[in-house]
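Here is a short briefing on one protein chain. Look at the structure first, then read the points by topic.

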Amino acid sequence: MAPSVARLPGNDQTSLMSRLVLGLVKASHPEPTAAVTLVAGLLAWGVGHRSAGIVAVAATVGASQLATGWANDALDAGRDDAVGRTDKPVAAGTVSRRTVALAALLAAVATPLLALTTNPTAAVWATAGLVSALLYDWPLKSTPVSVLPYAFSFGTLPAFVVLALPGAPTPPLWLVAAAACLGAGAHFANVLPDLADDARTGVRGLPHRLGPTGSRLAAAGLLLVATGVLVLGPPGPPSALGLAAVLTAAVVPPLSWYGGRLVGRSSTRPV
C-alpha cells in the first residue's frame, strides 16, 4: 500500500505536491485560459476600469476559464485514456480525475462570488457565460448545436466587462456580436486537430458533422465576419487599418488552407 501524504518524508511530500500542482495547471488548459484572462484584463483597461475593477474582471474570467478547463478534462478522462492522450494529466496519471473535478467545482463556485465584487448585473452575465461553457463540456459537445455555447460564452465576456463598470452601462451590440463570432470560429478551429480521436470515441459535434473542409471554411468565415463587425460596428467611418484587417481576414485563411493542401499532397507524393 502506498504511504499516506502525512507519512511521506519532506522531500517526497514536496515532490508529490509539485506533481499535483503541475497536473492541475496542465489540466486547466493553461494557454487559452491565460490568453482569455489577459484579453479580459486588457478590455477592462480599455473601457475605463480602474485598477480594482481590472483585477476583479481578470479574477472572475480566470476562475471561469479554470472551471471550464478542469471540468472538460474531468469529463473527458475516459475518452482521453481510450485514445492514449498521454498529454492529458488525468489520462497520464499525473493527477486524479476526482481532484480535477473538485478543482472545477471550487473554481465554478468562485466565479460568481468574484463577479459580485463588481455589481449584480455583471455577475449574472459572468455566471451565464460559465454555465454555457459547462453545458458545452456536457452534454452539448456531441450535438449539432455544439457551437452555440462557444458563441454565447464568448459573447458574454465583453458584456460582463462593460457591465462591470460603475452604473452597469449597456454593452455595445457590435462588440458582443464580434466576440460571439470569434468564439464560434474558435470552436471549429479547436476541434480540427482532434477530429480523428473524437470519431473513435463517439463525439459528433457540429464540426465533426461538417468535416475538416467545412470546419475550416466555417472558422475562416466567422473570423472574417468578426473582423468586419469590429471594424464597421463602432460609430464613424472605418479606418484604413481596419479595412486592411478585414482584407487580411478574408485572404489569409484561404491561402493558409491552400498552402496546407499543397504540403499534404507533396508529402504523399512518391519519391
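In this predicted model, the largest nonpolar core has 15 residues. Leu24, Ala67, Trp70, Val90, Val95 and Val100 are the members that touch the most others in that core. Helices α1 (10–27), α3 and α6 each supply at least two of its residues. Helix α6 gives the most, with five residues.

- A second, separate core has 14 residues, including Val36, Ala44, Leu157 and Val161.
- Which residues does tryptophan 70 touch, leaving out those up to four places away in sequence? They are Leu24, Ala27, Ser28, Val100, Ala103, Ala104 and Ala107.
- Two of these partners, Leu24 and Val100, are named with tryptophan 70 among the members of the largest core that touch the most others.

**Threonine 68 in helix α3**
- Threonine 68 belongs to helix α3, which covers residues 51–75.
- Is threonine 68 buried or exposed? Its relative accessible area is 17%, under the 20% cut-off, so threonine 68 counts as buried.
- Beyond its neighbours within four places in sequence, threonine 68 is in contact with Leu130, Ala133, Leu134 and Asp137.
- Threonine 68 and leucine 135 are 67 residues apart along the chain, yet their C-alpha atoms are separated by 9.5 Å.

**Leucine 113 and the surface**
- Helix α6 spans residues 97–115 and contains leucine 113.
- Leucine 113 has 55% relative accessibility, and the cut-off for exposed is over 50%, so this residue counts as exposed.
- Leucine 113 is part of a nonpolar surface patch of about 590 Å².

**Transmembrane regions in the record**
- An unreviewed UniProt entry lists residues 99–116, 122–140, 147–167, 173–192, 213–233 and 239–259 under "transmembrane region".
- In the model, residues 147–167 are 81% helix and 0% strand, with their end C-alpha atoms 32 Å apart.
- Residues 173–192 are 95% helix and 0% strand, and their end C-alpha atoms lie 30 Å apart.

**The whole chain**
- How many helices and strands does the protein chain have? There are twelve helices and zero strands.
- The chain has 271 residues, and 38% of them count as buried.
- Take contacts between residues at least 6 apart in sequence: 68% of these join residues at least 24 apart.

Conventions: Residues are numbered from 1 along each chain as its sequence is written. This is a predicted model: local features need pLDDT of at least 70, side-chain atom pairs count only at pLDDT 80 or more; totals for chains, interfaces and linings use all residues. Side-chain values use heavy atoms; hydrogens and water are left out. Patches are made of residues with over 30% relative accessible area and no salt bridge: like charges are joined within 9 Å, nonpolar side chains (Val, Leu, Ile, Met, Phe, Trp, Tyr) within 5 Å. Accessible areas come from the Shrake-Rupley method with a 1.4 Å probe; for residues, only the protein chains shown count as cover. A salt bridge is a side-chain nitrogen of Lys or Arg within 4 Å of a carboxyl oxygen of Asp or Glu. Helices (H or I, at least four residues) and strands (E, at least two) are DSSP runs, numbered from the N terminus. Buried means under 20% relative accessible area, exposed over 50%, partly exposed in between (1.4 Å probe, protein chains only). UniProt positions are given in the numbering used here, feature names are shortened, and annotations may be inferred rather than shown by experiment. Contact means heavy atoms within 4.5 Å. A nonpolar core is a set of buried Ala, Val, Leu, Ile, Met, Phe, Trp, Tyr and Cys residues joined through side-chain atoms within 4.5 Å.
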